[in-house]
Amino acid sequence: MENYVELNVRSEIGELEGVILHTPGSEVENMTPENAERALYSDILNLAVAREEYKQLSSVLSTVAQTYQVKDLLTTVLGNEKAKEAIVDKVCLMEPQVGVKGNTYCIKDYLLDQEPAVLASLLIEGVPLKADNLTKFLSKERYAMRPLHNFFFTRDASMSVVDEVLIGKMANSVRDRESLIMQSIFDYIPGFKTKTVNPIDNPALDSACTIEGGDVLIARDDILIIGNGTRTSTQGIDFILAQLLTQKEKRQRHILVQELPSHPESFIHLDMVFTLLDVDKCMVYEPLILRPNKYQTVHITIENGKVLNIVHENNLLEALKKLGMDLKPIYCGGNGDPWNQEREQWHSGANFFAIGPGKVLGYGRNIHTMEAMNKNGFEILRAKDIIRHKIELSDYEKYVITIEGSELPRGGGGARCMTMPVRRKPVNW
Ligand SMILES: NC(=[NH2+])NCCC[C@H](N)C(=O)O
């Protein structure tokens, strides 16, 4: 990494300066329909197509900001012998089979023997099982150390909150190694000027504490909006609350909590039903965010290191308005047919990633959502046309850059899920 990057993310929409990505590799294909669910996918993926689609996202992002690839960063980290040993030791603690001395070989020794770049790939793509005893020979498992199928969703295992990085406490152990890798990147690469906060370092941690980045939105530097559902527990949100309290800031700060349904799996994170698009606009899955329903919205106010009060709110938009953020909602799937809303929410239609105020990326396949965006003043621009220089972004003020997504959404997420911003410019509110 040539330059220093001082971590700074104080909004969802400030002009993007730096973002961490992971281009999907063999890990997204190495599963069967039978174990796709365990891998947290809704279907199996075709890697070649997924990579083409992904390239649209990464190419556009690299024209507007500095992009970093997890594998490159991890390779740099592993070049440090101490870091390499510490990481492999931690993997053994998390996944004990890695440290077991088998009859012919031990994965840990094998890992430690590898060059940094090879080891980085193995840590992401997994280590195949070698049948050196009867149990392994008869086992249906193909991997001794499983691939990280979900790592291209770099949003979830770590999150930039102002100038610190909160490490995800994943709800499913299949994603734990992602958190370990992300923490090592921020801890060992001196170019990243930041501090990591990992819930597991707290000895008194409630075992029910889980936090994933898809649930944590920074509306303004004094307002966090956090989803509470299958991935982020109330205990996880209380951990974030406790962190904010220790900062003892004099000004008021707010956490708005939105409860989420547990089914279907497209509701896993808040960013699948609510994302910020501009200083005055947001994307909503209207049935959950605006219509009266049993999913609660709670507002926690903090001041001077204390919880001032905790109250129910009617919905997120009303709560934000009281805090001076008056956002016009644009509906995922459009304003008409609930089936269109459900279909497009399922394919990550609400999951937008902002590269600046009023400048966002999303899947072009969600045509009713795109129509709604267009009616609200967003020009619809195809990523392909930008990459081929058929159009210039600087000619437009408000836009959605559409990426093709037939394979990527089967992994269960969209543009916001696939991006982990590390630096954004301040917003002119
Ligand atoms: N920020 C997001 N919505 N991420 C989506 C992650 C999807 C991934 N298959 C999982 O279940 O973990």
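The model is a predicted one, so local features are taken at pLDDT of at least 70 and side-chain atom pairs at pLDDT 80 or more, while totals for chains, interfaces and linings use all residues. Residue numbers start from 1 along each chain as its sequence is written.

The protein splits into domain 1 (5-76 + 148-424) and domain 2 (77-145), with bounds that come from an automatic or database domain assignment. Over C-alpha atoms, the two centres sit 31 Å apart. At the boundary, 19 residues of domain 1 are in contact with 17 residues of domain 2; contact here means that C-beta atoms, placed from the backbone, lie within 7 Å. On the domain 1 side, α3 (70-78) and α8 each supply at least two residues, and α8 gives the largest share, seven residues. Helices are DSSP runs of H or I with at least four residues, strands are runs of E with at least two, and both are numbered from the N terminus. That side of domain 1 is made up of nine nonpolar, six polar and four charged residues, where Ala, Val, Leu, Ile, Met, Phe, Trp, Tyr, Cys and Pro count as nonpolar, Asp, Glu, Lys and Arg as charged, and the others, Gly among them, as polar.

Helix α8 also holds Glu178, which counts as buried, with 25 C-beta neighbours inside 10 Å. The cut-offs are 20 or more other C-beta atoms within 10 Å for buried, 12 or fewer for exposed, and in between for partly exposed, with C-beta atoms placed from the backbone. Beyond four places in sequence, Glu178 is in contact with Leu148, Asn150, Phe151 and Ala157. Over in domain 2's stretch of sequence, helix α6 (residues 116-125) buries Leu119, Ala120, Leu123, Ile124 and Glu125. Their cover includes α3, α4 (81-94), α5 (107-112) and, once again, α8.

The largest nonpolar core has 113 residues, and Val273, Val284 and Leu361 touch the most other members. Such a core is a set of buried Ala, Val, Leu, Ile, Met, Phe, Trp, Tyr and Cys residues joined through C-beta atoms within 7 Å. Helix α8 (residues 176-188) turns up here too, with the largest share of the core at six residues.

Now for the ligand. Of the 15 residues around it, Leu40, Gly214, Gly412, Gly413 and Cys417 come nearest, a residue being near if its C-beta atom, placed from the backbone, lies within 6 Å. The shell has six nonpolar, six polar and three charged residues. Cys417 carries the UniProt feature "active site", from an unreviewed entry; UniProt positions follow the numbering used here, feature names are shortened, and annotations may be inferred rather than shown by experiment. Cys417 is in the loop between β21 (399-403) and β22 (420-424), and counts as buried with 27 C-beta neighbours inside 10 Å. Apart from residues up to four places away, Cys417 touches Phe153, Arg155, Asp156, Gly214, Asp271 and Asn351.

Some backbone geometry stands out. His263 and Pro264 are joined by a cis peptide bond, with omega about -15°. Val162 has a positive phi near 60° and is partly exposed, whereas Ser348, with a positive phi of about 60°, is buried.

Note on methods. Two residues are in contact if their C-beta atoms, placed from the backbone, lie within 7 Å.
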